[in-house]
Amino acid sequence: MRRREEAPIAAPHVPEPAPSPVPAPSPAPAALTAPAPRRAKSPDTDPGLPHRRWWTPYLFLLPGLVMVVLFSLWPFVNTVILSLTDAQILKGGRFVGLENYGRALGDPDFWTATVNSVVYLAVVVPCLVLLPLALAVLVQRKIPGIGFFRSAFYTPVIASAVVVGLIWQWVLRSDGLVNTVFEKLHLISGPVPFLTDSTMLLVSAMIVTIWKGLGYYMVFYLAALGNVPTSLYEAAALDGAGAVRRFLSITIPSVKPMMLLVGTLSAISALRVFTEIYILGGESGGPGGGARTLPFLIRQVGLGFAGETGYAAAISILLFLLTLVFSLLGHRLSKGDER
C-alpha cells in the first residue's frame, strides 16, 4: 500500500507589528520661528505714504516759529545791538560798546526808577500772593449767590487798564470821591495828596495794581484748592482743628507750589508796571518824576524827536536782567520746595 505523501504544514501567519508612532516634533519657540522683522521703510521711500517726508512735522511748527522769531527773538537781538550804539530816533548811531551801560549806572534817574520798581515789587508781590488766596478760600464755599461775588471779584481783570486808571484817578484826586467823603466826615482838614506827592502816587498805583490783580490770581488758587482732598479737612475737624489751624496746616502746604508761581508772575508784572503810573501821575511820572519806574523811564528816554534809543535799549537790557534774577529766584525756591 502506497504511502500517501503528506503535504507540508504551512507556518501560521503572524501579523507584522505595526510601526510605533513617531512623536511629532515639538513646535519651536515663537522667537525662533517668527520671521525676522522687516526693516522699517523710510518715509522718503515708502510708496504707501508718498506725502510724508522728514520735514513734514516742521511744517506745522513753522508758523509759530516765524512768529517767535519775528516778534520775540529778533526784537531782543535788535535791542541788544542798539544798546551798544548811540542811536537816536531820527538818525543812526555808531558803536560805543558798554558806554550806555556805564551811563545808566551813573544816572540818578536810573537809580530812582530802579528803587521805585523794587519797592513796588516788594509791596505788591506779598499782597498778590496772600490776598487772592484768602479771597479764593472765601468764594470756594458753596452758598447761594456765591457766583455773583466770583464774577464781581473778576470784573476788574477784564476791564481795560486805562479805564481802571481813569476810574481811580477820579476817586483819588484832590476833589475826588475819597477826599470828599473824608472831608464830609471831618476826618481830614485838607485833601490828601494821593496824586500830587511822589510817595503817595506810588502807593496809589500799588493799590490799583493789587485791586486789578486780585481776581486774576484768585482763579489760580481756586484751581489749586479744587485738588485738595476734602477728607483732610474733615479729619482735621474731627481732631478739633479750627478754621485758622486748617488753613495754616492744610491749605497753605497744599497750594504752596501755586503760591510760588503766583509770586513769580506778580513779580514780573510789578517790574513791568507802566500804565498805573502814567494814568495817575501824568507824562512826568509824578512831581519831578519821583514816581517813575524803569518801564516809565525807558519810554521817557526813548521817545521824542531827541529820543535816545541806544540808551533806552541799554536800560531795557538792565530791566531784563533784573527780571531774570527774580524769575530764577522763584524757580530756585520752587525746586527747593519740591525736594
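Tyr278 is partly exposed in this predicted model, at 25% relative accessibility, where buried means under 20% relative accessible area, exposed over 50% and partly exposed in between (1.4 Å probe, protein chains only). As the model is predicted, local features need pLDDT of at least 70 and side-chain atom pairs count only at pLDDT 80 or more, whereas totals for chains, interfaces and linings use all residues. Residues are numbered from 1 along each chain as its sequence is written, and side-chain values use heavy atoms, with hydrogens and water left out.

A search of the whole structure finds 10 aromatic pairs, a pair being rings of Phe, Tyr and Trp (its six-membered ring) with centres within 6.5 Å, counted as stacked if the planes are under 30 degrees apart, edge-to-face if over 60 and tilted for the rest. Among them, Trp168 and Trp211 are arranged edge-to-face, at 5.6 Å centre to centre and with 70° between the planes. This pair links distant parts of the chain, with Trp168 in helix H6 (residues 161-172) and Trp211 in helix H8 (residues 198-225), 43 residues apart; helices are DSSP runs (H or I, at least four residues), numbered from the N terminus. Trp168 is buried at 17% relative accessibility, while Trp211 is partly exposed at 35%. Tyr278 and Phe296 form a tilted pair, 6.3 Å centre to centre with 45° between the planes. Tyr278 belongs to helix H12 (residues 275-281) and Phe296 to helix H13 (residues 294-302), so the pair ties together parts 18 residues apart in sequence. Phe296 is buried, with a relative accessible area of 0%.

How values were computed: Helices (H or I, at least four residues) and strands (E, at least two) are DSSP runs, numbered from the N terminus.
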